[in-house]
There are 2 protein chains.
Amino acid sequence: MRLTRYFPILSWAPQYTHSAFGGDLLAAIIVTIMLIPQSLAYALLAGLPAEVGLYASILPLVLYAIFGTSRALAVGPVAVVSLMTAAAVSQVAPQGSAQYLEAAVVLALMSGLLLVALGLFRLGFIANFLSHPVISGFITASGIIIAASQLRHILGISGGGYNLLDIVRSLWADLPATNWRTLVIGASTLVFLFWVRRGLKPLLERAGMPAAAAAAVAKTGPVFAVVISTAAVWLLDLNAAGVAIVGSIPTGLPEPAVPRFDLDQWLTLAGAAALISVIGFVESVSVAQTLAAKKRERIDPDQELIGLGAANIASAFSAGYPVTGGFARSVVNFDAGARTPAAGAYTAVGIAGATLFLTPLLYFLPTATLAATIIVAVTSLIDFAILKRTFAYARADFAAVAITILVTLGVGVDMGVTAGVLTSLILFLYKTSRPHVAVVGLVPGTHHFRNINRHEVITSPAVLSLRIDESLYFANSRFLEDRVLKEVADNKGLRHVILMCSAVNEIDSSALESLEAINARLKDMGVKFHLSEVKGPVTDRLHRTHFLDALTGQVFLSQYDAATALDPALLSIPPGGEDVVV
Amino acid sequence: MRLTRYFPILSWAPQYTHSAFGGDLLAAIIVTIMLIPQSLAYALLAGLPAEVGLYASILPLVLYAIFGTSRALAVGPVAVVSLMTAAAVSQVAPQGSAQYLEAAVVLALMSGLLLVALGLFRLGFIANFLSHPVISGFITASGIIIAASQLRHILGISGGGYNLLDIVRSLWADLPATNWRTLVIGASTLVFLFWVRRGLKPLLERAGMPAAAAAAVAKTGPVFAVVISTAAVWLLDLNAAGVAIVGSIPTGLPEPAVPRFDLDQWLTLAGAAALISVIGFVESVSVAQTLAAKKRERIDPDQELIGLGAANIASAFSAGYPVTGGFARSVVNFDAGARTPAAGAYTAVGIAGATLFLTPLLYFLPTATLAATIIVAVTSLIDFAILKRTFAYARADFAAVAITILVTLGVGVDMGVTAGVLTSLILFLYKTSRPHVAVVGLVPGTHHFRNINRHEVITSPAVLSLRIDESLYFANSRFLEDRVLKEVADNKGLRHVILMCSAVNEIDSSALESLEAINARLKDMGVKFHLSEVKGPVTDRLHRTHFLDALTGQVFLSQYDAATALDPALLSIPPGGEDVVV
């Protein structure tokens, strides 16, 4: 059992069937065709040589097949993580240097070790502190930055920057140097790819192709673009006219190597590694969960951490860079019939084959084509609807999204996601620190107590019933003190205060002290303090203190019991809708 | 109305009576006698010249009388804030230098401005994030540090440090230089003061003095100690034998001066100023609230921020240092019959008088005596019972106290309080991220649903009822997804899942997306998803989304309605205590 938990391969490999093999193999072939241009393009985005993208698509996939729990997740380089890698690594070394390559490897190793550690200690819940709105905002802003950063390859100019301001500024400065031949290739690839995405599938279907096959062919659009534009550059000798090309990619598998340990570098990259790990994990696990649920299967998020961690460690030891599960790629894998993680291993074999035999053919591939495939891919990440949705639903979430987008675009990825997380935490704490407190009264003809401002209810002049809609903890305990004392000070005829605790899931030490203070102060005022509807675990804990002994009033099972015991006149109220005071 | 809010003096001064004047004056005389040695001693603790303590006890008290809302709070230098001042200021200037004095003034100004700003923007709730256990732990640890730091004056040696390790190390190094005459004065003052505190009041009462008068006389113990030890040094010429004395204190009121603005210094002191403000405010407001409640009065915490802020700004402009409301002093003020904040203004007149006429008499006052009064005062702050109490009641609170105490003692005051706040916030977030989820069933013979693990209840094989005891927000939304899918995956005959939301006070955007995901995944599995007992404000918000349209099941008013609608067999269950499955 324990072994199966840490090596999920043991749960499916022994029962591996012929039919599963067929499904996995077909899926692997389709994903391989999709992944070759993607891995080259994302390496470009990360500022790394093209072969690094291929290397990151071999060994990591094998390790994920052993340690991962998702039967459909396709691991490899992805857009957002590539951008984050570039932003982090460019801070320790100039792009194109050996140090830059080395830092990317170190980043993969740190990210892998962190993910494995989180998985072993079952700390995956940390990722939950990245709220959906923050992730959506971050992904949208990252998509914009990525698309903007690739424009320079479309224009054939230099440029740089890892936030929108820097990118636009450097594009503007270099604009006069635009290479029109590159622009023609880039722009026509863009038009072609957008058409493939929107128009090819319906066209193929109208031509009689089955829907699934049409969808699969439509996904191979980038391959056509690569073949056609490479041929064009080669035939027209465009690279001599200044069109940037991928150039020679070393043939052969990556050399295994042990990443270098340099404490200063590790400390510099630690924050980025943590963010890359968490963002990569969150994105990956949500795809995996969605796909697993479609087959009434489950993934184990803690084991997923180990699977993704192992993949990243493998990437580091085979000259790659940080990887995670890709969204589009996993959906294709699933739709194409992948039945087990073995599909990933077969994809790895496919990419290894490409690395061994295909790289010479990619010599004349224009970088503008790769940039166009990136731009088309990331446009699906950009989704401003989250702003509208959260604005309508919850302003706190809207604030978190807006801040995440603005800071990511204006400052950069690390600061953006950090600002988003802090904003959402601070707003959550703020909300819980000022909980909703309602004065409640009896709904005539029932045993229910509701807010006196929303319902026509019966109240007693000598009894004040307050319902607090939050657990009581340090951040709101003083608020409760103030609120109770304010209600009592405004209410001179009062003899009893009942605190209705149906929504109080916890009372911590601070809140206990506040309740003691409220009890003591009400006692000084000659008012008794009662509790009602206290939950079992909360009562258990209160019994371990002297609070219940000191309490001037009683603890009632229900609010109705409390109110009728303290004002028996309530018992004789006839049913009716009027606001009566007895 | 508005003017009265910001100038509480307008609410009491117009009705000021003869009898209130009598009470205020008597209280002021007693507090003045108590405050003279205290203000000298706390200035010593803060590493400042003795007169600075007196200066901080004049103008600040007048300003608090105008802007403060507590009728009993006695403002001035206090032990913990003096220690925090010393720890902060010693980082920018050496003790004894003009820069040190200047930095203390700047700290008072920054603290004052911050407090006023928090009050004007009604941000006093920020102080709530300091939990009671963290404050208790911090005050206890500060008391130990203060007592330890004063031992060097008792021994007549040099030494320093602002955490326990540094203090003990420096005491140990200088121990051979102990001045035995100083030690005799210090030790005998300590013994005398402890005896006054424990034994004098009962003795006076036995001698026939009324209890209140006996208590008041017992509080003046430090004055006797000051008089006797000063006389001893003078008569025996002990200062010539190496007994450290206060020496010449400038006679006259403080020169008004505008604090210097130096951006670097302000930035360096900003963190300490913020902590001093918050700690001072929290301590002060809890004393003020306790005393106000005794007379069924209330204080306004936001206006208290303005009152304390004004007092600190006044301190800065009259060569003082940070002040706040003192615990023991305020209780004495209250017990002695202070009726309005005017008592504070009268105390200020008393201290001003002392500054003008009394300072020459303090020339021979040994610092050992002042150190002894500090040690005796702070022993009442030390309370390790909080560790035992929180250990029994709530482990999270225990962890926060323990970390606060250890970090304060081992590293220092700033780090200690910061570590405590962060610990309590992280533990709170952790707890809410893994909420209590119970599978519930019907208690036979009732309409109540309770935890199947705690009660004998009736469940239906096709219906799973889950009660979640927490608001749903980003940090626990994925936990909920995992939990629901796990329950369903383990439970193949299932047709319906009901989420009972009686304790759900909010559903944020992330949780909404998780509910949508749960709904969609359950739909894929052929299981319907229902909600019950959703609160009004939560339902209102859900109606602004498409969630309820997409929901495969229904929203039921009560859990009983839901369960009986989905499994009508429940309606015919006879009352009984057996665990029945229908």
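This is a predicted model: local features need pLDDT of at least 70, side-chain atom pairs count only at pLDDT 80 or more; totals for chains, interfaces and linings use all residues.
Author: Residues are numbered from 1 along each chain as its sequence is written, chains are lettered from A and ligands numbered from 1 in the order in which they are written, and side-chain values use heavy atoms, with hydrogens and water left out.

Reader: How do you know which residues of chain B and chain A belong to the contact?
Author: Contact means heavy atoms within 4.5 Å. The contact takes 73 residues from chain B and 73 residues from chain A.

Reader: What area do chain B and chain A bury between them?
Author: Buried area is the accessible area (1.4 Å probe) that two parts lose on being put together, summed over both. For chain B and chain A the value is about 6,500 Å², with 52% of it on carbon and sulfur atoms. In chain B, the residues that lose the most area to chain A are B:Arg296, B:Tyr393 and B:Arg478, together 15% of what that side buries.

Reader: What makes helix H25 of chain A largely enclosed?
Author: A residue is buried under 20% relative accessible area, exposed over 50% and partly exposed in between (1.4 Å probe, protein chains only). Helices (H or I, at least four residues) and strands (E, at least two) are DSSP runs, numbered from the N terminus. Six of the eight residues of H25 (residues 559-566) of chain A are buried, so the helix is largely enclosed by the rest of the structure. Among the buried residues of H25(A) are A:Tyr560 and A:Leu566. The strands against which the buried residues of H25(A) pack include S3 (437-442) and S5 (463-468) of chain A.

Reader: Why is A:Cys501 called buried?
Author: Its relative accessibility is 2%, so A:Cys501 counts as buried. B:Cys501, at 3%, likewise counts as buried.

Reader: How do you know that B:Cys501 is too far from the closest cysteine sulfur for a bond?
Author: A disulfide is a pair of cysteine sulfur atoms within 2.5 Å. The sulfur of B:Cys501 is 20 Å from the closest cysteine sulfur, in A:Cys501, and is therefore too far for a bond. A search of the whole structure finds zero disulfides over all chains.
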